[in-house]
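Here are my notes for you, point by point. Keep the structure open beside you as you read.

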Amino acid sequence: MGSQGGGPPATSPGQQLRALFYVLSPGESAFRTVEEVPDYVEKSIPFFITFIGLEFAVSWVQKRKLPGRINDGISSLSLGILSRLPELFELPWDSPWTWYLTLLGVDFAYYCFHRISHEVNILWAAHQVHHSSEDYNLFTALRQSILQKYTSWIFNLPMALFIPPSVFAVHLQFNLLYQFWIHTEVITSLGPLEWILNTPSHHRVHHGRNPYCIDKNYGGTLIIWDRIFGTFEAEDAKVVYGLTHPVNSFNPIMLQLRPLAHIWNTFWATPGFCSKLSVIFKGPGWGPGKPRLGLPEEIPVITGKEVPFNPSVPAYLNCYAVVHFAVIVDFYTELLATVTMLSQGTILLRIGFIILSLTSFGLLLENRSKAGILEITRCLVFVGVYKLGYLRSQFSSLGYAYEVLFSLCAAFWGIQIMKQITSSKDKHR
């Protein structure tokens, strides 16, 4: 049953009375949208008063006394009224005050989530992906975890009580976008704005593994939360970027999942149930007998002579990775544009190929001996699925060029693998 005039349908006194006893039929209490659902509770207020009066009368007839005390009854009604008052006020979606309030709310929620992501090991296992780069540039801003979004929403829940969803959706994205441009060493200082805003200088400190940088400057857009809660640190000595214990890998799957494997292994290796829970919920530096966040003196000393993980690879391999990565960006962009028109099977196949490709690039850039096997497999998979129509480029004119490119690359890697096999046999003669 839906309303004919666009608003909630009218309910008769009989329906309202039966609603009080949950005896409305499905046919008279089913609605297409939330907006069509009547406010049964508000419309039941006359029945509440009637039944309270009836209870008074019956109690007086039966027991010659009232069913309760006047003071307690008024207290109960007062609490009932208070419980409904918040529903009478809604922040207008088009008010500037709502806009600025949401800016503060979203940014404070991000500060809380960001700080806990550094102080709780299981959350750090996801967030550390963003900190694993030993460079600090705009590429680093896009280095994100696949798991983090499954916990960050918890910190935004309180805003669902009073912030219009449309306004929240805008600021959630603005807060994320703002943090893109602050990942740079090109901008040194923003002058007086450094007191209020999160800036490249402040965020460089956050990404440092110098002892003075650890667990500092959690703000998203604003730095005021760090100043208020004592987690602010100004940029001082030259910042050395990355994790205190570098992962030394370009494999995206390894970077995403190895911290979880480390927690798993540590969990089972740690004796005692409470200590096992501490492995998960205390800081990443915690160990038996240590404070919740670990010991500051155990943070590796920075000498200034740290060398980033940078395996030597032939120049042609860097060029190869750049060209093929550009092709994957093409496929990824096309997938985003057409995802609503594709079957679930096609989407999964394209996602699988993208993951296979990114993993292969990581192994190639690490100059792993087995990378060629994975790469020839990837090239052959591409030729097959592209011919079957499961992969598409944004640019239809590139289709034939891609087929030729991947076929030649498959042949190239086949030759490279054969050379490795021949060389290995010669060494064992």
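1. Is Leu349 buried, exposed or partly exposed? Its relative accessible area is 35%, so Leu349 counts as partly exposed. Setting aside residues up to four places away in sequence, Leu349 touches Val385 and Tyr390. Leu349 and Val385 are 36 residues apart along the chain, while their C-alpha atoms are separated by 8.8 Å.

2. Keep in mind that this is a predicted model. The protein's mean pLDDT is 91, and 96% of the residues reach 70 or more. Residues 1-5 have pLDDT below 50, and beyond near neighbours in sequence that stretch has 10 contacts in the model.

3. Now for the largest nonpolar core, which has 26 residues. Which members touch the most others? They are Phe331, Phe353, Phe382, Phe406 and Trp413. Helices α14, α15, α16 and α17 each supply at least two residues of this core, with the largest share, seven residues, coming from α16. Take Phe406: leaving out neighbours within four places in sequence, its contacts include Phe353, Phe382, Val327 and also Arg378. As background, nonpolar side chains tend to be buried together in soluble globular proteins.

4. Have a look at His118 too, in helix α5. With a relative accessible area of 6%, His118 is buried. Residues up to four places away aside, His118 touches Trp124, His127, His131, His206, Asp215, Tyr218 and Pro284.

5. On to salt bridges: the structure holds 12. One of them joins the side chains of Arg84 and Asp39 (3.6 Å, N to O). Arg84 is in helix α4 and Asp39 in the loop between α1 and α2, 45 residues apart, so this pair links distant parts of the chain. Arg84, at 30% relative accessibility, is partly exposed, and Asp39, at 32%, is partly exposed as well.6. Glu235 and Arg204 also meet in a salt bridge (2.9 Å, N to O). Glu235 lies in the loop between α11 and α12 and Arg204 in helix α10, so the pair ties together parts that are 31 residues apart in sequence. Arg204 is buried at 5% relative accessible area, whereas Glu235 is partly exposed at 32%.

6. Finally, Arg115 forms a salt bridge with Glu119, the closest N and O atoms being 3.2 Å apart. Why are they separated by about one helical turn? Because Arg115 and Glu119 are four residues apart in helix α5.

Note on methods. Residues are numbered from 1 along each chain as its sequence is written. This is a predicted model: local features need pLDDT of at least 70, side-chain atom pairs count only at pLDDT 80 or more; totals for chains, interfaces and linings use all residues. Side-chain values use heavy atoms; hydrogens and water are left out. pLDDT is the predictor's confidence in each residue, from 0 to 100. Contact means heavy atoms within 4.5 Å. Buried means under 20% relative accessible area, exposed over 50%, partly exposed in between (1.4 Å probe, protein chains only). A nonpolar core is a set of buried Ala, Val, Leu, Ile, Met, Phe, Trp, Tyr and Cys residues joined through side-chain atoms within 4.5 Å. A salt bridge is a side-chain nitrogen of Lys or Arg within 4 Å of a carboxyl oxygen of Asp or Glu.
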